[in-house]
Amino acid sequence: MTCVGYTVLGKRVDFPFLLSLKMDWDEDAPAHSLAASFAVDAPAPRLARVEVLHEGVLVFRGIVDQQDTKISPQGNRLRLVARSLAALLLDNEALPQTYINPSLRGLFERHARPYGFPSFAGNGGAFRGKLTVEKGMSEWQVLQGFCDYFLGASLSVRPDGVLDAAGDPPKGLLRFSNTDGIPYQSVTHQDFFCRRIQEIWLQAGVGTGYQGHVVDAETAGLGIQRKRYKTATNYQGTSVLRKSRRQAEECTLSCPGWVPAQLGMEASLADPFFGESDGWTVAKCTYQQSQAGESTCCVLRKKLQP
């Protein structure tokens, strides 16, 4: 891995002596994280951005949240803690206002481009309806809320800064197998029954009763009783149930070295104990590098059917 820092003025700072590196990607967290330490022989300037490249390919770009320098008999150490570019949208509050017939294109110009985001991917057309930006909402909440309600798609930020609401999964298939695929040291299958929601009751509007409801038959069939009440104008009951079902089953693989996994990428598993299993997608990924070597931990969840 190659790490590069940039000052506020854009001056490049190279770090040739990487001691440790940890990167986390999580589909449930808009901003991904990085923690890295380096051996240094002189004080480093204050850094604003950091990039990580694997064999010349950009895998992380973010803003520096914390910069520490420690001097000790064991050596001089620089430590950086950073989050991916989505942090810019999470950390900034949006101007309260109401949009009539909003569009992703218009929202991007008002809520993302001012922070340096170059472009977006997804349907940029206008949609009939109203989008209210309430006091205290972040720029991210405005954009994600629009994508949830009008596009029915999740929002993410690519390493190059492009806002992605197209809903297209990354190309490729990760096959985990110790005979003819990506090798792994351990595999753990988990059922999180506590994450499942059996029933959603919907309120048509403020001041009205909760009348409409949707039921997850699969969860009900497991004997789980867990209900929630939502406002229909702000939540899609079916999507909430689908999300809870997706989060309820995971397969975690610990692999040696670097695994080129991307969130949403399809995956399969061939294991002597669990057998052949497909229909998975990458939900979380953690890469670590230290003097002990390299490792990647991938968390898979079942791909939801439309």
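Asp14 is partly exposed, since its relative accessibility is 46%, where buried means under 20% relative accessible area, exposed means over 50%, and partly exposed lies in between (1.4 Å probe, protein chains only). Its partner in a salt bridge is Arg12, with the closest N and O atoms 2.8 Å apart, and Arg12 is likewise partly exposed, with a relative accessible area of 47%. A salt bridge here is a side-chain nitrogen of Lys or Arg within 4 Å of a carboxyl oxygen of Asp or Glu. This is a predicted model, in which local features need pLDDT of at least 70 and side-chain atom pairs count only at pLDDT 80 or more, while totals for chains, interfaces and linings use all residues. Residues are numbered from 1 along each chain as its sequence is written, and side-chain values use heavy atoms, with hydrogens and water left out.

The structure holds 18 salt bridges, and another of them joins Arg83 to Asp91, whose closest N and O atoms are 2.6 Å apart. Arg83 is partly exposed at 23% relative accessibility, and Asp91 is partly exposed at 48%.

Asp28 and Arg301 meet through their side chains in a salt bridge of 3.1 Å, N to O. Asp28 sits in the loop between β3 (18-26) and β4 (33-39), whereas Arg301 belongs to strand β21 (residues 293-302), so that the pair links parts of the chain 273 residues apart. Helices (H or I, at least four residues) and strands (E, at least two) are DSSP runs, numbered from the N terminus.

Which of the two is buried, and which is partly exposed? Arg301 is buried, with a relative accessible area of 1%, while Asp28 is partly exposed at 38%. Both residues also belong to a network of salt bridges that links Glu27, Asp28, Arg195, Arg246, Glu250 and Arg301.

## Two helices side by side

Helix α2 (residues 104-111) and helix α3 (residues 139-151) have axes that come within 10 Å and cross at roughly 175°. The axes are lines fitted to C-alpha atoms, for helices over the stretch in contact, and angles run from 0 to 180 degrees between N-to-C directions. The two helices are therefore roughly antiparallel to each other, a term for angles over 145 degrees. On the α2 side the contact (heavy atoms within 4.5 Å) is made by Leu104, Leu107, Phe108 and His111, and on the α3 side by Glu139, Val142, Leu143, Phe146, Cys147 and Leu151.

The buried residues of α2 are Leu104, Leu107, Phe108 and His111. Seen down the axis of α2, these buried residues fall within an arc of 105°, so they line one face of the helix; the arc is that of the directions from the helix axis to the C-beta atoms. Among the elements that cover them are α1 (86-91), β8 (97-100) and α3.

## Ser103 and the whole protein

Ser103 lies in the loop between β8 and α2 and is buried, with a relative accessible area of 15%. Leaving out residues up to four places away in sequence, Ser103 touches Gly124, Gly125, Ala126 and Phe146.

The protein has five helices and 21 strands, and 41% of its 306 residues count as buried. Its C-alpha atoms fill a box of roughly 70 × 55 × 35 Å, taken along the principal axes.

Definitions and conventions. Angles under 35 degrees count as roughly parallel, over 145 as roughly antiparallel, 65 to 115 as roughly perpendicular and the rest as oblique.
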